[in-house]
Amino acid sequence: MINLRRKTRDLAVLDGRRRVGLDSIMTALSFVLLLVIVVTPISMIVYHAFFHQGQFSLDLIIDQFTRDTTVSAMWNTIKIAILVTIFGTIVGVFYAWLLGRSNIPGKKLMRFLFTIPYMFPPFLGAMAWDLLLNGRSGYLNRWLMKTFGLSSAPFNINTVWGIVFVELSYYFPFVFMQVVSALERMDPTLEESARIAGAKQGTVIWKITLPLVRPAISSGALLILISSLAHFGVPSILGFSQGIFTLPTRIYAVIARSGGSFEGIRQGAALSILLVAVVALALWIQQRVLRSGGYDIIKGKSMRPTVINLRGARIPLFILALTTLVVIVLVPLGMIFLVALVRAYGLPLIPANFTLANYQRIFTASGTLESIKNSMILSLSAGVITMLLGTMVAYVVQKIRPRGSSVLEIMSVLPYSIPGTVLAIGVILAWSGSLGLNLYNTLWIILVAYIARYLSFSMKTSSAALLQVHPSLEEAARTCGASHTESLRDITLPLIRPAMVSGFFLIFLPAMREVTTSVLLYGPYTRTLGVQIYSLRDAGMMPQASALGSVAIVLIIVVNSIVNALNQTRKGV
Amino acid sequence: MAQVQVELRHVTKKFTTKTLGDIVAVDDFSFQVYEGECFSILGPSGCGKTTCLRMIAGFEDLTEGEIYLSGRPVSSSKANLYVPPEERDLGMVFQAFAVWPHMTVFENVAFPLRIRKVNRAEVERRVKQALQHTSLAGLEDVYPSDLSGGQQQRIALARAIVTKPKVMLLDEPLSNLDPHLRETMRFELKELQRKLGFTIIFVTHDQSEAMAISDRMLVADMGKIMQIDTPENLYNRPINRFVHSFLGESTFLKVVIKDGQVYAEGDLEQPLGVAPPPDAEPEMILATRPNAIEITGDTGYQSRIETRIFLTDRTEYLIPLGSQKVKVQTPHRIAFSQGDSCRVRFVDPMWYPVEDSDAEKERARRQLI
């Protein structure tokens, strides 16, 4: 009878209900930890935005929302996000088609190169473009003015359009990667039947191919929209000097200006409500769009998709793609590495002016070394803790399925949709004494923020892996005489270990270059790598900031190669 | 004689692969398909049948030879001519249906007409007609994903017939359907062909399907044409051992021919009692169908029933002949028991030379493509 009842269920469901054991402990722990780590900071923001000294009051909200600076920041946020989304989508779809479906040379290598911006920290890119195209002191601007005797700088990156340009060069891979894989897995007979029906190649692209990958395009585009709305790095580096603010940078400015006072943080909390509302609207649209869409375009056996001969346009388009790569990948990278070598910012970038002194300085200055150490400690511990926590929550949600498991799931992915700036404010409000625990100015507060921020990453990878572990595998272990704990230890965990490892790196890598939350949470001795680069630049020490930036880039590349090597030798699910 | 609708003259297609070197996917194919005929191309995977169809459709160019549609050259290596698929005026139905999920049934079927700039009233009229022919009337505004596999394949069929093409190319159109539906669709397809009079070129690896639907069939193996004939002749008079085994259950017996008598290998005492072929070699393969062997008569090779297997629609016996065993199928009413003695007589068998084993290796290599 029992067997009939639990036909498709996991043994874990029965175990969890039968006795107090490992499963109930994990369930309880998951709820408690998520309440503390995720729900507390978020509720604190809502509380402080609407309550003042225990009294409900809309004064703060009304005051903040009606200020001109808020309104203009909101419009900038929306304007930039929409422009980045539109142009990022166009660029992403164009190159996805070119590399997925045409006979352009060097496809494999270019596909890899086009995903580089994805792992490159955007604020470093913004820094590089600022060095090159700053309206007053950019290298290229000054060279052009000198060479052609211009009276004013021909380019200015410190504008809304400049911000759009830099953000889009880092966000278009969202669309690119989604669409290129949709194009490659698409059943080629869908297009062939249109040819047989009498349509020319161009007509097929417009009437069949593009409409069929539209779901992939829109999901990538919405990812760009949401990321850009919450984005802090690029507008903060390019916009501050010209008074161009977006909501995340305005929140940062309000708090920085108040010197971290409680009043400043309250104002930040009120603005956060507005930012969350804007992002929530975008998320709502995302849910609607994603629910409506999705065609089954992958059918039958895998066949190679139709490759279109570009004929005469092959070489010009190849050159265009190369140029794009040079502009979005090589130029910023080159700028960072060159300026890192120059004796003083502003000196021409020629070997005579080169020195290694900047590296010497950053490695001897205690603050910089400490920031690298801090980032290492934070990323490693956030990676390990979050990976374990995420796997536990995933196990509870997928296998134990207690009452309220959907609440658990929502709690774990909630921080993903909360902008980093907002999360930081919540963490400050929750963990700087008001609840009896003061972590402010310690690494702990940054760690707690990282865990909340990246929890959804490990939760998602581990969930996907656990879903692949068929219940019969654990059942087989149980019939062999293993206890629930033993089968968990010897069967389930080893099977999902590769997913846990990649979950770790999914957290470790972005944590290494994190700047959005740490810039609000750091204290005198708890600067992170990102924060240190940011403040060196803020202090006008461009060459040192670049030197440290180049160190960060090398670190990221090394870790990424390790990840790729690991992924290639990976076994299990 | 009816008019030639499709003609291939010495068509060859070579692919160059990185791992396996040059592969001749289609090697010197020549055949003619007549107006109103249903012509099947049959063979195991890797035999070149799909490549052949794709060359007729214009999705692949050929390496050598010429293809003619209604007397007009569409591909020719000599004239360096290649007409793109959209200008060949064909209908085609694919294995995975390939109906466009972002268009309604009506839009799917209207697409070929809209591309041809047919006026709106005419589009309405012809789509309606095509949908009636394929029993889809009333489903105009439905999206394909809401329909069953059989209905989706009917949309593909309606879309293919709506422009009234003279030639219809079918690339395993029934193999994604369940067996019952497959039979119904097969019947409907023939019915439609009778009504509209188009020519069918039908590619499949399923011999019973090909036999049921075809007027003539081409059997190919490893890029070469083996035999072109009617289903009856192919089944009864296969030209070689491959065609024999591909078209149905086969019994092959190694025999030795000595002094005008045929002996099963391993027993040179008792002749089989069949007349050897006129051009007999000392060693040959005797081929027949398990249901064409008689075991109830008084003449033939004296043996006994070794194994008896009772199946739903027939009984099978394994009977030793020299060092080999033959499988015999009989209706249930012929009931032997295990160990019973019987006389085995071959009726009108086929004779093939002893085959070399390299052919098997080549087949395995081609499967990898």
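This is a predicted model: local features need pLDDT of at least 70, side-chain atom pairs count only at pLDDT 80 or more; totals for chains, interfaces and linings use all residues.
Local features are given only where pLDDT is at least 70 and side-chain atom pairs only at pLDDT 80 or more, whereas totals for chains, interfaces and linings use all residues. Residues are numbered from 1 along each chain as its sequence is written, and chains are lettered from A and ligands numbered from 1 in the order in which they are written.

**View 1. The two domains of chain A.** Chain A is divided into domain 1 (8-47 + 357-573) and domain 2 (60-355), with bounds that come from an automatic or database domain assignment. Their C-alpha centres lie 26 Å apart. Contact (C-beta atoms, placed from the backbone, within 7 Å) involves 30 residues of domain 1 and 30 residues of domain 2. On the domain 1 side, the elements that give two or more residues are α17 (357-364), α20 (420-431), α24 (518-521) and α26 (542-568) of chain A; helices here are DSSP runs of H or I of at least four residues and strands are runs of E of at least two, numbered from the N terminus. The most is given by α26(A), with eleven residues. This side of domain 1 has 19 nonpolar, nine polar and two charged residues (Ala, Val, Leu, Ile, Met, Phe, Trp, Tyr, Cys and Pro count as nonpolar, Asp, Glu, Lys and Arg as charged, and the others, Gly among them, as polar).

**View 2. The contact between chain B and chain A.** Chain B contributes 19 residues and chain A 20 residues. On the chain B side, β7 (90-93) and α2 (105-115) are the elements that give two or more residues. Of these, α2(B) gives the most, with three residues. The chain B side comprises 13 nonpolar, three polar and three charged residues.

**View 3. Helix α21 of chain A.** Helix α21(A) (residues 443-468) has 26 residues and should span 38 Å at 1.5 Å a residue, which agrees with the 37 Å between its end C-alpha atoms; the expected span is 1.5 Å times one less than the number of residues. A kink of about 45° is centred on A:Tyr454, the bend being the angle between axes fitted to the seven residues ending there and the seven starting there. The helix α21(A) is mostly covered, with 20 of its 26 residues buried (20 or more other C-beta atoms within 10 Å of a residue's own, C-beta atoms being placed from the backbone).

**View 4. The β10-β11 hairpin of chain B.** Strands β10(B) (residues 216-221) and β11(B) (residues 224-229) pair in the antiparallel sense over five bridges, pairing being assigned if DSSP finds at least two bridges between two strands. Two residues lie between the strands of this hairpin, and B:Met222 in the turn has a positive phi of about 50°. B:Asp221 has B:Lys224 in β11(B) as its bridge partner.

Notes. Two residues are in contact if their C-beta atoms, placed from the backbone, lie within 7 Å. A residue is buried if 20 or more other C-beta atoms lie within 10 Å of its own, exposed if 12 or fewer, and partly exposed in between; C-beta atoms are placed from the backbone.
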